[in-house]
Amino acid sequence: MNHLAVITGTHRGLGHALAKHMLSTGRYMVWGISRYNEIEHPNFHFHQTDLSSSDAVDSLPDIPTHFHSYTLIHNAGILQPIAPAHRIQPTELQRIYQINILSAHLLSAWFIRQTLPVTASKHILHISSGAGRYPVTHWSAYCATKAALDMLSQCLALEYPQYRVYALAPGMVDTDMQSFIRSHTPDTFPEVQRFKSAKELNQLLDPLMVSNKIIHLIENSTTSLPVKISIKDL
Ligand SMILES: NC(=O)c1ccc[n+]([C@@H]2O[C@H](COP(=O)([O-])OP(=O)(O)OC[C@H]3O[C@@H](n4cnc5c(N)ncnc54)[C@H](OP(=O)(O)O)[C@@H]3O)[C@@H](O)[C@H]2O)c1
């Protein structure tokens, strides 16, 4: 248990799989930053946090300095609202920007402040999306926040060369987020059939497989990888 991983969104989906997988190796202490929790493990610390709140990061405790490596994984994210831009309510926009990008920026700054003096292997991994790299109809908020996450990661990599920073597009992962996408009709989401077909053709990725690749990335990261990566690069 020489490694500390701080992971957001450990309640469900990819974040849950990542936390469980890291804990199962016996090498990690995991801090889960989420609204709810079902993980019980002696090496798991749950910090109940709603990332839609602007002061979410303020209540986090100091990070102990005795670990061999430190990793922040900002995985929590939401996709809603799916709607044409002129129909999106200001409160909906504020919520998605707060969770997907503002909290990522605040958490990264907190994590760097806490770990900057420590001599150890240090990683910041932002879970981005292909939708931050190409436009998707009625996903303007999601696409914009994920594109911002990519740029945040690139700036942090420049400013802090002692940290390995990545923005990872994880591919289509079989989680609640994909079920939410498929629950739409072509009226509300014109590209929905592409996602229904991917599910029918069994093309969605297993969260455990994706988490395995992420752990391998953290434990074997090389300078040859750029900051903006996708699951196909791993
Ligand atoms: N699934 C895909 O195909 C796919 C593709 C590309 C990128 N991604 C990205 O991958 C990441 C994980 O997605 P997923 O598929 O695992 O999504 P998911 O199944 O919807 O899970 C999202 C996670 O974020 C947490 N979360 C949401 N709102 C929160 C809040 N206000 N405060 C704290 N935690 C909150 C959720 O916890 P609660 O139970 O509290 O809501 C949950 O643990 C996201 O950043 C997503 O954008 C996913």
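Predicted model: local features only at pLDDT ≥ 70, side-chain atom pairs only at ≥ 80, totals over all residues.
Biologist: Over how many bridges do β5 and strand β6 (residues 164-169) pair?

Modeller: Strands (DSSP E runs of at least two residues) and helices (H or I runs of at least four) are numbered from the N terminus, and two strands pair if DSSP finds at least two bridges between them. One link here joins H126 to its bridge partner A167 in β6. β5 and β6 run in the parallel sense, and their bridges number 5.

Biologist: Which helix does the chain cross on its way from β4 to β5?

Modeller: Strand β4 (residues 69-74) pairs with β5 in the parallel sense over 6 bridges, and L72 has I124 of β5 as its bridge partner. The β-α-β crossover is right-handed, that is, the path from first strand over helix to second runs clockwise when the strands point away from the viewer. The connecting helix, residues 90-115, is α2.

Biologist: How many residues of strand β5 are buried?

Modeller: A residue is buried if 20 or more other C-beta atoms, placed from the backbone, lie within 10 Å of its own, exposed if 12 or fewer, and partly exposed in between. Strand β5 spans residues 121-127 and is mostly covered. Of its 7 residues, the number buried is 6.

Biologist: Is P61 buried or exposed?

Modeller: P61 belongs to the loop between β3 (44-48) and β4. Because P61 has 9 C-beta neighbours inside 10 Å, it counts as exposed.

Biologist: Which strands stand at the edges of the sheet?

Modeller: The open sheet has 7 strands with parallel pairing, in the order β3-β2-β1-β4-β5-β6-β7. An edge strand here has a single partner, so one side of it is left without a neighbour in the sheet. The two concerned are β3 and β7 (228-230).

Biologist: Which residue of β2 is the bridge partner of H3?

Modeller: Strand β1 (residues 3-8) and strand β2 (residues 28-34) run parallel and are joined by 6 bridges. In β2, the partner of H3 is Y28.

Biologist: Which helices each supply at least two residues of the shell around the ligand?

Modeller: The shell contains 26 residues, with G9, G13, G77, T175 and M177 coming nearest; a residue is near if its C-beta atom, placed from the backbone, lies within 6 Å of the molecule. The helices that each supply at least two shell residues are α1 (13-25) and α4 (176-182).

Methods:
Residues numbered from 1 in each chain as written.
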